[in-house]
Amino acid sequence: MDVASGQVTCIGFKADIILWDFPKQELLARLSLHEGKVEGLSVMVWDVSKREAVCGSPASPRSAGNANVVMCSSCRDEMFVTAGNFTIRVWELDAATKKIHPSECYAGQLRRITVCVQMTDDDDDFYLGTTSGDVLKVNTSSKVVTACGPQKKKFSMGVTALLLPKTGGLIVGTGEGTVALCTGSDFQVKKRMRVEGAVTSLTCRGRDDQFFIGTNKGQMYRSAYATFKEELVAVCHTEAVNDIVFPEGHSDLFVTCSTNDIRVWYTPERLERLRITVPNVTCHAVEVTRDGMVIVSAWNDGKIRAFVPATGEPMYEINNAHNLGVTAIAATSDCKQIISGGGDGQVRIWNIGEKTQKLREVLKEHRGAVSCIKISKNDKEGVTASLDGTCVIWDLVRYVRKQMILDNTLFKCVCYHPGEYQIITSGTDRKIVYWEVLDGSAIREVQGSLSSSINGMDITSDGASFVTGGDDHLVKLWDYKEGTVTHVGVGHSGNITRLKICPVNKYIVSVSADGAVLIWK
């Protein structure tokens with residue numbers, strides 16, 4: 001089975017159509033002709049075997065808007081349908097003359113914007129879902145709209161997906177999250193269910209007794225035709241994932257944070273166990289206390305929020321923790337203090353009691369946002385990295401600076417070696433630098449990436465290896481002593497923001513700006 005995808009590039013550059021061998025996950029061919037992006041301004045017919053364009057034509061008449069969707073015939077290679085803003089066309093390909101001929105479909109007084117299309121197996125009719133919340137049925141031979149419905153109560157927020165099951169009827173997905181089974185020429189609703197988010201896709205399962213539902217909230221559901229009840233089978237973030245952390249000594253659970261939410265995942269089954277939602281704000285960093293009793297999080301509204309890991313219930317909030325948002329956070333091993341970093345460059349230490357949270361100290365050395373905080377095992381020392389090009393090693397007993405590291409970069413990440421006699425840093429200069437904790441001197445420098453910033457790193461519990469990831473979309477595993485790459489992971493399509501090695505060194509979990517969470521063995 002092959003899959004085709006269309007690119008979006010910059011104006012003036014070629015936007016390829018890429019053919020993939022889906023079972024082998026290999027690229028088969030690139031078809032180059034479009035510029036900027038592949039969209040519904042024109043129709044191009046390609047010969048897949050020869051990897052070349054056959055012919056082309058404007059997708060819609062000048063009196064109408066762009067075409068939004070295309071659907072090939074179920075029986076004939078020479079016929080396909082396009083639809084969009086006030087246009088519905090049936091196309092015929094003349095292979096001998098290498099031309100395509102459109103026929104405009106007659107819709108009478110109906111003027112609709114089409115966002116999805118589905119064709120019957122015998123090619124007699126096709127169905128169109130519209131932003132107006134109704135469904136049009138069009139006869140392929142006569143090119144005339146033969147039915148439109150529902151007439152009285154249309155689907156809220158438009159019809160966004162359609163599916164023709166083998167069992168009969170028409171399954172409709174809507175922008176408000178309703179999935180309905182419609183029958184008859186007037187499209188009466190016989191069954192319905194509700195999912196989270198707008199429905200973006202509907203597809204049959206191979207056995208023909210079930211179908212899948214995808215939504216714009218990163219949810220995938222499964223349902224049987226007979227019961228018509230939704231079952232959640234997969235979820236993912238819909239915004240950039242900013243941080244990831246494992247609880248101390250537990251590799252089966254990890255926590256991620258993003259815009260509007262914090263999620264707890266179960267590693268063996270790759271399932272979401274808990275979602276903590278805080279609307280209209282972004283969580284920049286997350287930490288689990290060593291006793292596993294509290295999830296502490298840093299938010300762009302300047303608050304530090306703590307939650308119960310088992311239930312997600314709020315425990316406490318620290319308001320106005322930082323003026324320009326909280327950008328980094330860490331907790332001491334005794335769980336009695338939290339160290340936070342902000343967009344204002346300040347590092348603040350908080351005493352956490354059973355019912356009170358008090359500011360203990362403010363450390364002012366950084367001039368830019370604090371990007372990462374690490375604390376030593378005995379809680380007497382810590383290191384902070386900042387976008388101002390400095391890393392500061394702090395004495396957490398006297399609350400003074402011990403060493404300051406300066407470099408020509410924006411520091412994105414820092415890690416202690418388990419022996420705590422060295423730290424490693426990286427950032428926008430693409431270099432990984434080893435530093436001596438005692439005097440802050442650089443002892444080794446290696447090239448971490450050839451092209452882009454390194455945004456995250458973590459080190460194994462024995463200090464033998466460490467892992468990095470950044471804007472080059474690659475996960476790299478390094479030998480600490482040799483300073484060389486031993487393995488490279490390819491899989492992300494967005495910039496990697498953070499990554500972590502699990503406590504037993506069995507998994508690496510990486511997160512990225514496109515919302516992906518990947519688990520590596």
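Reader: What makes β32 and β33 a hairpin, and which residue in the turn has a positive phi?

Author: In this predicted model, five residues lie between β32 and β33. Asp379, in the turn, has a positive phi of about 65°. The two strands, with β32 covering residues 370–375, run antiparallel and share five bridges.

Reader: How do you know that β32 and β33 pair?

Author: Pairing calls for at least two bridges. β32 and β33 have five bridges, so they count as paired. At one position Val370 stands opposite Ser386 of β33.

Reader: What makes β33 largely enclosed by the rest of the structure?

Author: The strand holds residues 381–386, and six of the six are buried. A residue is called buried when its relative accessible area is under 20%.

Reader: What makes β36 and β39 edge strands?

Author: The open sheet has four strands, in the order β36-β37-β38-β39, with antiparallel pairing. β36 (411–416) and β39 (442–447) each pair on one side only. From one strand to the next, the twist averages 20°. β36 pairs with β37 (residues 422–427) over five bridges, and Cys413 stands opposite Ser426 in β37.

Reader: Why is Asn320 called exposed?

Author: Its relative accessible area is 63%. The cut-off for exposed is over 50%, so Asn320 qualifies. Asn320 is found in the loop between β27 (314–318) and β28 (326–331). Its phi is near 55°, a positive value in a residue other than glycine.

Reader: Where does Lys143 lie, and what is its phi?

Author: Lys143 is in the loop between β12 (135–139) and β13. Although it is not a glycine, it has a positive phi of about 60°.

Reader: How do you know that the peptide bond from Gly149 to Pro150 is cis?

Author: Its omega is near -5°. Pro150 sits in the loop between β13 (144–149) and β14 (159–163).

Reader: Which residues have the most contacts inside the largest nonpolar core?

Author: This core has 16 residues, and those with the most contacts inside it are Ile88, Val90, Cys105, Phe126, Leu128, Leu136 and Val138. The largest share, three residues, comes from β7.

Reader: With which residues is Val138 in contact, leaving aside its neighbours within four places in sequence?

Author: Among them are Cys105, Phe126, Leu128 and Lys143. The cut-off for contact is heavy atoms within 4.5 Å.

Reader: How many residues are in the second, separate core?

Author: That core has 15 residues, including Val255, Leu274, Ile276 and Ile295.

Key: Residues are numbered from 1 along each chain as its sequence is written. This is a predicted model: local features need pLDDT of at least 70, side-chain atom pairs count only at pLDDT 80 or more; totals for chains, interfaces and linings use all residues. Side-chain values use heavy atoms; hydrogens and water are left out. Buried means under 20% relative accessible area, exposed over 50%, partly exposed in between (1.4 Å probe, protein chains only). Axes are lines fitted to C-alpha atoms, for helices over the stretch in contact, and angles run from 0 to 180 degrees between N-to-C directions. A nonpolar core is a set of buried Ala, Val, Leu, Ile, Met, Phe, Trp, Tyr and Cys residues joined through side-chain atoms within 4.5 Å.
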